[in-house]
Amino acid sequence: MNELVHSNKETDKPTRRKAAEAGGAKAAPTRTNDPARTMAGILEVATKEFADKGLSGARIDAIAEATQTSKRMIYYYYGSKEGLYLAVLEESYRRMRQIEGDLHLDDLEPEAALRRLVEFTFDRHADNEDFIRLVMNENIQQGTFLAQSTSIQQLNVPAIEAIRRLYQRGVEQGVFREGLDPVDIHASISALTFFNVSNRHTFGLIFKDKARSAQSADRRASITDMVVRFVRK
């Protein structure tokens, strides 16, 4: 059958309407040519899929269905399932580190800056279980994919540098004790705040009512005090 090269919009409307309504079928959603928006949508859905099921259990079919796109398009943008997983890791770390940069720690006195950093990290981890689960899954992979990413490693440089500056200011002012490593301080903050999310389910089952206190303001203050006392002179 030959297709019309030119068509009249008004006379075509009934035909298009009948085709859409035939058999109760719905008209297909219109796609917009917006690669950035499409990729952002894929990353959002993929983050949840990988966080919930890990790399081995996640399914590209499920991501394609949820984003109303196709496996072919996902592979076009990310190359493979592993490529998408790496992109999810990079975006998750980027968001975390980007917000850390907005804390303006240099504008605060050393101890106040340290307290703000610990409180922020506690809140950020508590509100982003998907990020915690992604990190846990990547540890199951023994850091294989994170090691392939230069961007994630570069993102962590400003975070450690911020701690180094506030710690050095504290030492110079006689507030913090000497001889501590900024990476060690970072590790202590991460360990204390990460546990609250990574182990919240097992902790809750074992200790029942105590599970709620792990996410409480008291727990937040307790962790902050532990870190400050560890660093304080």
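The 23 residues of helix α8 should span 33 Å at 1.5 Å a residue, and the end C-alpha atoms of α8 are 33 Å apart, in agreement with that value. The model is predicted. The protein has 12 helices and 0 strands, and buried residues account for 33% of its 233 residues. Among contacts between residues at least 6 apart in sequence, 70% join residues at least 24 apart.

- The buried residues of α8 are I152, A159, A162, I163, L166, Y167, R169, G170 and V171.
- The cover over these buried residues of α8 includes α5, α6, α9 and α12.
- Just after α8, G174 has a positive phi of about 80 degrees.

**Packing of α6 with α8**

- The axes of α6 and α8 come within 8 Å and cross at roughly 145 degrees, and this crossing of α6 and α8 is left-handed.
- On the α6 side the contact involves P110, A113, L114 and L117, which meet I163, L166, R169 and G170 of α8.
- Sorted by class, the contact of α6 with α8 has 6 nonpolar, 1 polar and 1 charged residues.
- In α8, I163, L166, R169 and G170 take part in this contact and are also listed among the buried residues of the helix.

**Helix α12**

- Helix α12 covers residues 217-231, 15 residues in total, and reaches 21 Å from its first C-alpha to its last, close to the 21 Å expected at 1.5 Å a residue.
- Its buried residues are I223, T224, V227, V228 and V231.
- Viewed down the axis of α12, the buried residues fall within an arc of 130 degrees, so they line one face of the helix.
- An α-helix has 3.6 residues a turn, so residues three or four places apart point the same way.
- The face of α12 turned away from the buried side carries the exposed residues D218 and R229.
- The partners against which the buried residues of α12 pack are α6 (110-126), α8 (150-172) and α9 (182-198).

**Packing of α4 with α5**

- Helix α4 (residues 71-78) and helix α5 (residues 81-100) have axes that come within 9 Å and cross at roughly 65 degrees.
- The crossing of α4 and α5 is left-handed.
- Residues I74, Y75 and Y78 of α4 and K81, G83, L84 and A87 of α5 make the contact.
- By class, the contact of α4 with α5 has 5 nonpolar, 1 polar and 1 charged residues.

**Loop residues with positive phi**

- Q68 has a positive phi of about 55 degrees although it is not a glycine.
- Q68 sits in the loop between α3 (60-66) and α4.
- The relative accessibility of Q68 is 58%, so Q68 counts as exposed.
- Q142, also a residue other than glycine, has a positive phi near 60 degrees.
- Q142 lies in the loop between α7 (129-140) and α8.
- With 72% relative accessibility, Q142 counts as exposed.

**Order of elements**

- From the N terminus on, the elements run α-α-α-α-α-α-α-α-α-α-α-α.

Technical notes:
Residues are numbered from 1 along each chain as its sequence is written. This is a predicted model: local features need pLDDT of at least 70, side-chain atom pairs count only at pLDDT 80 or more; totals for chains, interfaces and linings use all residues. Side-chain values use heavy atoms; hydrogens and water are left out. Axes are lines fitted to C-alpha atoms, for helices over the stretch in contact, and angles run from 0 to 180 degrees between N-to-C directions. Helices (H or I, at least four residues) and strands (E, at least two) are DSSP runs, numbered from the N terminus. A crossing is left-handed if the near helix is turned anticlockwise from the far one by less than a right angle, and right-handed if clockwise. Contact means heavy atoms within 4.5 Å. Ala, Val, Leu, Ile, Met, Phe, Trp, Tyr, Cys and Pro count as nonpolar, Asp, Glu, Lys and Arg as charged, and the others, Gly among them, as polar. The expected span of a helix is 1.5 Å times one less than its number of residues. Buried means under 20% relative accessible area, exposed over 50%, partly exposed in between (1.4 Å probe, protein chains only). The arc is that of the directions from the helix axis to the C-beta atoms.
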